[in-house]
Amino acid sequence: MKKVVYGLLILLAVIHQDVWWWDNGELVFGFMPLGLFYHSLYSCMAAGVWAMAVKWAWPSDIELWAESGDEAGGEQ
Amino acid sequence: MSSITPLIALGQVTEPLSRTPLVIIGIYMCVLFGLGWISSRLFRGSSKDFFVASHSIGPFMLLMSVFGTTMTAFALVGSTGKAFSLGIGVYGLMASSSGLIHAACFFLVGIRMWSFGKKYGYVTQIQFFRDRFESKGLGYLLFPILAGLIIPYLLVGLIGAGTYIGGVTRGMFPGTFADGAVPGWLTGLVICSVVLFYVFSGGVRSAVWANTFQTIVFMIMGLVGFIVIAKGIGGLAEASELTRQHAPEKLVREGLMTPAHFMSYMLVPLSVGMFPHLFQHWLTAKSAKSFRLTVIAHPLCIMIVWVPCILIGIWGAGLFADGSLFVPKLPNGEPNANAVLSMMVKKFMVNPVLIGLFSAGVLAAIMSSLDSQFVCVGSMFTNDFALPLFGSERFSDTQKVWLGRGFIVFIVVITYVISIFKPMSVFNLGIWCFSGFSALFPIAFAAVYWKRVTTAGVFASVIATAVTWALFIHDALGRAAGEQWFGVKAHGEYLIAGVMPVAFICLASVVALVGVSLATKPPTSETIDKFFPVKG
């Protein structure tokens with residue numbers, strides 16, 4: 001599942017370059033320019049993929065290591 | 001007085017203008033003073049509490065403080081102004097890409113940095129790099145560079161606040177100030193004083209509290225303002241239709257940017273992975289789990305703030321082309337894009353209380369970044385310069401806090417003076433600042449993922465970044481139009497071979513980092529064991 005998540009993140013980076021409607025000024029819902037609508041959806045998709053990353057690709061090992069034992073730093 | 005007359009003729013003001021918005025802003029500032037006072041009661045008096053809030057911040061406050069810190073005048077005033085000039089593509093340039101890249105920086109780098117900070121007691125980013133790369137000298141090299149890059153970031157806030165308040169108060173004080181508007185120097189003085197007060201009261205804990213409060217304020221007021229402006233124009237559909245009729249080029253990207261230019265912008269949000277003030281916010285987290293909400297919700301929060309700003313910007317372009325929106329001009333005769341948001345507010349918000357609340361929201365966005373940056377420069381000076389140079393044992397904990405406070409005032413005064421004499425586009429200034437941080441990001445990434453990276457490689461990368469950044473910024477801003485050595489100016493941007501300079505600065509940084517690391521002696525096994533404690 002971790003690999004799927006990383007694959008989706010790469011896919012997100014690719015589909016950010018939406019050259020296919022570069023000159024399309026159509027208004028979605030009568031007010032939202034298509035390019036802006038697409039990138040708003042993109043923001044929602046990014047949140048979704050990050051939710052998957054948190055669930056399936058969380059760095060539990062480093063978290064456990066950091067929270068085990070005492071802090072070494074003290075008052076710096 | 002004379003400069004107000006054309007405004008009246010255009011229907012922008014009916015004199016004398018109500019000063020109620022300023023009263024509302026004044027009340028808002030008093031609330032922040034109160035918040036600073038309350039959080040100072042919780043201040044534990046130690047330098048660790050002043051600089052990283054004793055690692056006590058939970059998920060919601062972490063989200064609000066991190067998001068509030070990354071959204072400054074750049075996000076509200078700058079994005080509206082840039083959309084006025086470059087159209088809807090501005091959302092893709094910075095906002096949607098940030099939803100992916102910022103969250104990636106938090107997830108891939110932030111959590112690891114937090115874990116090292118928690119385990120080894122780091123307070124600043126430079127302390128981490130100093131240990132990771134086994135070099136005290138690296139700290140002395142990075143300190144002036146990072147502090148120097150924060151100054152333009154602070155300038156973005158001060159110039160944005162000054163321009164916005166100047167626009168919205170235009171005509172309120174005829175005969176007292178030029179154009180009857182509150183001057184930028186006064187706005188800058190007030191917001192610096194308020195932020196300094198609450199930052200001095202409780203350090204980063206106060207900044208986190210104030211950020212949380214201010215982020216909620218600017219998100220709510222941003223949406224309210226957007227609805228009121230849309231309604232004032234005649235509705236969402238009517239507003240966009242006006243743009244389609246009078247400035248249709250703003251609804252598309254064709255002619256305003258190229259795919260290569262657009263793609264190269266994706267490197268700019270990498271800057272958050274190297275922001276020293278964000279590193280400090282990461283360290284305030286109570287646990288790694290506190291990051292989860294930030295990683296998921298950050299793209300949505302960006303969308304909530306940026307989509308309305310972009311729409312207001314393109315609607316402003318339509319109204320301006322139609323001749324029904326007044327936008328003050330710059331000395332070169334071009335409309336001042338920084339003033340578009342305030343002009344839209346002034347034209348379509350008739351209720352002075354609402355104008356005051358919305359303006360408080362804009363200032364909230366700006367101040368929620370300034371506070372973190374103030375604390376950060378103080379932390380860096382104390383922990384990365386003064387203590388290593390003079391010895392930690394030489395200062396008591398209270399003296400360390402005061403050292404930080406003293407340097408904060410020094411930097412704020414410098415920035416304040418520059419903001420008065422050197423105004424420029426908020427968006428472009430922000431981009432130059434972010435480009436420098438982005439080019440240093442490979443160092444942060446390599447520090448937590450690449451065992452083979454060496455001290456010499458990092459030195460080479462920092463120097464390559466500093467040299468290319470300085471060279472390009474001199475070429476772009478210090479030389480007359482048409483006389484550039486490397487790039488060309490198009491649509492208000494400086495492009496090299498059709499892409500943003502950040503692409504070449506990052507390339508120089510990566511080549512130097514990898515090339516010199518591979519050619520020099522690997523780090524000691526003690527260091528590798530310390531910073532790569534788990535497999536995978």
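Mentor: The turns below take labels one at a time and check each against its cut-off. Keep in mind that this is a predicted model.

Trainee: How confident is the predictor in chain B, and which elements have the lowest and highest mean pLDDT?

Mentor: Chain B averages a pLDDT of 88, and 93% of the residues score at least 70. Among its elements, helix H1 (residues 5-9) has the lowest mean, 38. Helix H19 (residues 501-519) has the highest, 97. Over residues 1-14 of chain B the pLDDT is below 50. That stretch has 22 contacts in the model beyond near neighbours in sequence.

Trainee: Now the chain pairing. How many residues of chain B are in contact with chain A?

Mentor: On the chain B side, 63 residues are in contact with 47 residues of chain A. About 4,900 Å² is buried between the two chains, and carbon and sulfur atoms give 68% of that area. B:Phe107, B:Lys119 and B:Arg253 lose the most area in chain B, together 15% of what that side buries.

Trainee: How many salt bridges and polar pairs are there between the chains?

Mentor: Two salt bridges are counted between chain B and chain A. There are also 14 residue pairs in polar contact. As for elements, H6(B) gives the most to the side of chain B that touches chain A, with 18 residues.

Trainee: What makes B:Arg253 and A:Asp18 a salt bridge?

Mentor: Side chains of opposite charge can pair when their charged atoms come close. Here the closest N and O atoms of B:Arg253 and A:Asp18 are 2.7 Å apart. The cut-off is within 4 Å, so the pair qualifies. Both residues are buried.

Trainee: Where do the two partners, B:Arg253 and A:Asp18, sit?

Mentor: B:Arg253 is in the loop between H10 and H11 of chain B. A:Asp18 is in the loop between helix H1 (2-15) and strand E1 (27-28) of chain A. The pair crosses between chains.

Trainee: Why is A:His39 called buried?

Mentor: Its relative accessibility is 2%. Buried means under 20%, so A:His39 counts as buried. A:His39 is found in helix H2 (residues 34-56) of chain A. Leaving out residues up to four places away in sequence, A:His39 touches A:His16, A:Asp18, B:Tyr91, B:Gly92, B:Ser96, B:Arg253 and B:Phe262.

Trainee: What about B:Glu241 and B:Arg244?

Mentor: Their side chains meet at 3.4 Å, N to O. This is again within 4 Å, so the salt bridge label holds. Both lie in helix H10 of chain B, three residues apart, about one turn of the helix. B:Glu241 has a relative accessible area of 27%, and B:Arg244 has 38%. Each value falls between 20% and 50%, so both are partly exposed.

Trainee: Why is helix H7 of chain B described as largely enclosed?

Mentor: Seven of its eight residues (125-132) are buried, so the rest of the structure largely encloses it. Among those buried are B:Ile126, B:Phe128 and B:Phe129. Just after H7(B), B:Glu134 takes a positive phi of about 50°.

Trainee: Why is B:Phe143 called buried, and what does it touch?

Mentor: B:Phe143 has 8% relative accessibility, under the 20% limit, so it counts as buried. B:Phe143 lies in helix H8 (residues 136-168) of chain B. Beyond residues up to four places away, B:Phe143 touches B:Ile126, B:Met380, B:Phe381, B:Phe385 and B:Phe407. B:Ile126 is one of the buried residues of H7(B).

How values were computed. Residues numbered from 1 in each chain as written. Chains lettered and ligands numbered in written order. Predicted model: local features only at pLDDT ≥ 70, side-chain atom pairs only at ≥ 80, totals over all residues. Heavy atoms only, no water. Helix = DSSP H or I, 4+ residues; strand = E, 2+ residues; numbered from the N terminus. Buried < 20%, exposed > 50% of the residue type's maximum accessible area, 1.4 Å probe, protein only. Contact = heavy atoms within 4.5 Å. pLDDT = per-residue confidence, 0-100. Buried area = accessible area lost by both parts, 1.4 Å probe. Polar contact = N/O pair within 3.5 Å; in protein donor to acceptor, adjacent residues only side chain to side chain.
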